[in-house]
Each structure stands twice: as structure tokens, then as C-alpha cells.
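The sequence and structure come first.

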Amino acid sequence: MTQDEMKTLVGQAALQYVPPGGIVGVGTGSTVNRFIEALATLKDRIRGAVSSSSASTERLQALGIPVFDSNEVGEVAVYIDGADEIDHQGFMIKGGGAALTREKIVAAQSARFVCIADESKLVQVLGRFPVPVEVIPMATQRLIRQFAELGGTARLRLKEGQPLVTDNGQYILDVAGLQIGEPLRFESDVNQWPGVVTVGVFAHQKAALCLLGTAAGVKPLSF
Ligand code: 5RP
């Protein structure tokens, strides 16, 4: 089975966690795009979605799924999103699609995080994938130095030769070379650094369940 087929499989499998008549939290990325396509088949049986990015909002609306502002709704029953890495405790690295801040906001607003990912994302220790960090632009160079003190190499994410600007008007640093043995502590520590908007380690908002796409089919991992 190809990686794309695994993404389609887990995107479809996530439908069983969508609350009938309810509102679903929707993440961002190529795996979530498969979920959004599957969700369109249920659109008459849900109220709508809360979205974590303008890219997902556009896709949802194009398929006729109403998108609510997160301030218009209370707690959401389930949040469905992908991951760049997930470990055996359900801790994740996210933000490869630059949507980490809104993803964390919707995850925090949701009772249950269901991660959908192909098996290449499962790791023993987080850190092979460079950790995305959304930062206030004026703090960029100081934060690059601060990550160097931790042994990380932080690079400003570019798009067409210019700094990529997030949906929130901020920059992204991608930090390579870290081994994140204590994700809860790492997330709490880095979030305190002046100029950090959001660190792409999801430990306090970890997954409750991962639907992992494998060659043998969908393998559910509960945490
Ligand atoms: C976007 C994310 C995505 O969930 C993550 O990058 C995984 O994406 P994909 O499903 O395309 O591999 O965190 O900010």
C-alpha cells in the first residue's frame, strides 16, 4: 500500500469518530485533506466544523461543510488532525503545514484528539522531524541563538525566497537536531521564551487515539 493510500484509509476511518449532528474540529495537511473529502459524504448529518487554517476552511466550504468561528461554539467533541511525528505516548510534533497555533487552539477546545497518520510518522523519540515554532518576527535571531544553546539548529522557514508568513502574521522556525525525551517539559519551557507564539510539540494537547495507516490496514493506538 502506498503512503497516499494509507492517508486515504485513515481519513475515511476517522469518520466513525465524528459526532452525529455535532461539530467536528478539523486540522490541516495532506492526511486531513483526505478526511475532509470523506467528511463531505456525511455533510448532511453534521452541523459543521471548526477549522485550524484558512487552507482547511477553504476546502471545507468548497465541499459545502459549514465552518464556525471557534468563539461561536463551546467544547468540541473531537478534533481530527495529522502529525509530523507521533510517539508511543501520543505526544506529537506538528506544524509542517505552518498551522500549529490554530491547531493547538482547536485541540485545546476539543474533548478528544484523534490523530490520523501513516506509519512513517510513528517514532520512539520525537525530534527527527525539525520542530516547527511560530515566532514573533522581531525575536527571530535571538530565538535562533537560544535554540543553538539547546543543541538545535533553527532555520527560518521560507516561501519563494521570503519568510513564510502564517495565518497569524508571524514567522516559523524549523529546529533540527533536538531529541525530545521529555515532551511535556520541553513544550512548557519553550513556550515561556519571549517571542515564541507556539512550539510545535503537542504534549499538553496530545492525542487520545491514533489511527495509524499500515500496510496491513488501520491500526488504532490508544494512549
Ligand atoms: C500542519 C500539521 C500537519 O498535521 C502535519 O504537517 C502532517 O501533515 P501531512 O498529513 O500532510 O503529513 O501539523 O501544520
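## Basis

Buried means under 20% relative accessible area, exposed means over 50%, and partly exposed lies in between (1.4 Å probe, protein chains only). The model is predicted: local features need pLDDT of at least 70, side-chain atom pairs count only at pLDDT 80 or more, and totals for chains, interfaces and linings use all residues. Residues are numbered from 1 along each chain as its sequence is written, and side-chain values use heavy atoms, leaving out hydrogens and water.

## Ligand shell

There are 17 residues around the ligand, and S30, T31, D84, G95 and K121 come nearest. A residue is near when one of its heavy atoms lies within 4 Å of the molecule or strand in question. By class, the shell holds 3 nonpolar, 8 polar and 6 charged residues. Here Ala, Val, Leu, Ile, Met, Phe, Trp, Tyr, Cys and Pro count as nonpolar, Asp, Glu, Lys and Arg as charged, and the others, Gly among them, as polar.

Polar contacts are pairs of N or O atoms within 3.5 Å; within protein, one must be able to donate a hydrogen and the other to accept it, and residues adjacent in sequence count only if both atoms are side-chain atoms. S30 places a polar side-chain atom 2.5 Å from a ligand oxygen. E103 has a side-chain N or O atom 3.1 Å from an oxygen of the ligand. A99 uses a backbone N or O atom, 3.3 Å from a ligand oxygen. Taken alone, the ligand exposes 380 Å², and the protein buries 90% of that. These areas come from the Shrake-Rupley method with a 1.4 Å probe; for residues, only the protein chains shown count as cover.

## A99 and its loop

A99 sits in the loop between β6 (92-93) and α4 (100-108). Helices (H or I, at least four residues) and strands (E, at least two) are DSSP runs, numbered from the N terminus. A99 counts as buried because its relative accessibility is 7%.

Leaving aside neighbours within four places in sequence, A99 is in contact (heavy atoms within 4.5 Å) with T28, S52 and S53. S53 is 46 residues from A99 in sequence, yet the two C-alpha atoms are 6.0 Å apart.

## Salt bridges

A salt bridge puts a side-chain nitrogen of Lys or Arg within 4 Å of a carboxyl oxygen of Asp or Glu. The whole structure has 7 of them. E103 pairs with K94, the closest N and O atoms being 3.2 Å apart. E103 is buried, at 3% relative accessible area. K94 is buried too, with a value of 3%. D81, K94 and E103 are linked in a network of salt bridges.

D189 and R185 meet in a salt bridge at 3.8 Å, N to O. They are 4 residues apart in helix α6 (residues 183-191), so about one helical turn separates them. D189 is partly exposed, at 39% relative accessibility.

## Helix α2

Helix α2 (residues 30-39) is mostly covered, with 7 of its 10 residues buried. These are T31, V32, N33, F35, I36, A38 and L39. They pack against α1 (3-13), β1 (23-26), α3 (54-62), β4 (76-81) and β7 (110-118).

E37 and R34 also lie in α2, 3 residues or about one turn apart. A salt bridge joins E37 to R34, with the closest N and O atoms 2.8 Å apart. E37 is partly exposed at 38% relative accessibility, and R34 is partly exposed at 24%.
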